[in-house]
Structure formats: structure tokens, C-alpha cells
Amino acid sequence: MSGIQYPFGTTYEYVAPSASAQVLGNLGAVGDTLVSIVATVATSATGTVSITDGSNTYSLVPATTPVGVYTIELNIASQSSGWKVTTGAGVSVLAIGNFS
């Protein structure tokens with residue numbers, strides 16, 4: 001398994017639908033780890049999720065994803081700032097990791 005492993009001591013943060021670049025943690029910082037994302041898609045057409053660390057942006061859930069709950073394992077560390085999550089109107093997220 002590649003990536004960073006923090007099996008214990010992680011925290012979580014809820015990201016509501018229609019969030020725009022919500023910072024995970026108080027301020028976010030280089031080296032913050034994002035272990036996984038649990039996305040609950042309620043409306044397929046607006047169920048998009050993306051993350052960014054300031055230098056890289058990743059689209060994790062496309063707009064055509066069926067209604068349901070999806071766990072996305074990431075195990076990645078931020079490169080230039082803290083993690084930020086953007087959600088569409090039809091999805092909420094539980095982000096799990098170590099956030100500053």
C-alpha cells in the first residue's frame with residue numbers, strides 16, 4: 001500500500017452540500033493528511049466532489065455518480081497548503097485525516 005498510513009489518531013470533518021473550498025481543520029497546512037473521503041450522494045446530477053491542496057486539484061466524484069454512499073481511500077499529504085473540499089448541491093462529505 002502506498003501513501004501515508006495513520007490508522008489511529010485521525011479526526012474527521014463534515015462538509016455540507018454546496019460547500020466551496022472548505023478548509024479542513026482550523027487553518028490547514030503543508031503536510032496535512034487526507035486519509036479518506038466518505039461521500040453521500042443524494043442527487044446524482046449535482047453530486048460532485050473535488051479536493052485541492054493549493055497546487056493540485058482532484059475530481060473525486062463526477063456528476064453522473066448514482067445515489068449512494070462512497071468511501072474513497074486517499075492516504076495523501078498536502079503539498080502547498082491545507083486541504084480544501086468543494087461539494088455540489090447533491091452531496092455531503094465526511095473527510096477523515098490529520099488537519100491543522
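How does the radius of gyration of the protein chain, with 100 residues, relate to that of a compact globule? A compact globule of 100 residues would have a radius of gyration near 13 Å, and the protein chain agrees because its value is 13 Å. This radius is taken over C-alpha atoms, and the globule rule is 2.2 Å times the number of residues to the power 0.38.

The model is predicted: local features need pLDDT of at least 70, side-chain atom pairs count only at pLDDT 80 or more, and totals for chains, interfaces and linings use all residues. Residues are numbered from 1 along each chain as its sequence is written, and side-chain values use heavy atoms, with hydrogens and water left out.

**View 1. The whole protein chain.** The protein chain has eight strands and zero helices. Helices (H or I, at least four residues) and strands (E, at least two) are DSSP runs, numbered from the N terminus. The C-alpha trace spans about 35 × 25 × 20 Å along its principal axes. Of the 100 residues, 39% are buried, where buried means under 20% relative accessible area, exposed over 50% and partly exposed in between (1.4 Å probe, protein chains only).

View 2. Two strands pair if DSSP finds at least two bridges between them. In general, strands of a sheet pair through backbone hydrogen bonds, either parallel or antiparallel.

**View 3. Strand 8 and its two partners.** Strand 8 (residues 91-98) pairs with strand 1 (residues 11-15) in the antiparallel sense, over five bridges. Here Tyr12 has Ile96 in strand 8 as its bridge partner. Strand 8 also pairs with strand 3 (residues 33-41) in the antiparallel sense, over eight bridges. The bridge partner of Ile37 in strand 8 is Ala95.

**View 4. The largest nonpolar core.** This core has 18 residues, and those with the most contacts inside it are Leu24, Leu34, Ile37 and Val93. Strand 3, strand 4 (49-52), strand 6 (68-77) and strand 8 each give two or more residues to the core. The largest share, four residues, comes from strand 3. A nonpolar core is a set of buried Ala, Val, Leu, Ile, Met, Phe, Trp, Tyr and Cys residues joined through side-chain atoms within 4.5 Å.

**View 5. The surroundings of Leu34.** Not counting residues up to four places away in sequence, Leu34 touches several residues, including Leu24, Ile51, Leu74, Trp83 and Phe99. Contact means heavy atoms within 4.5 Å.
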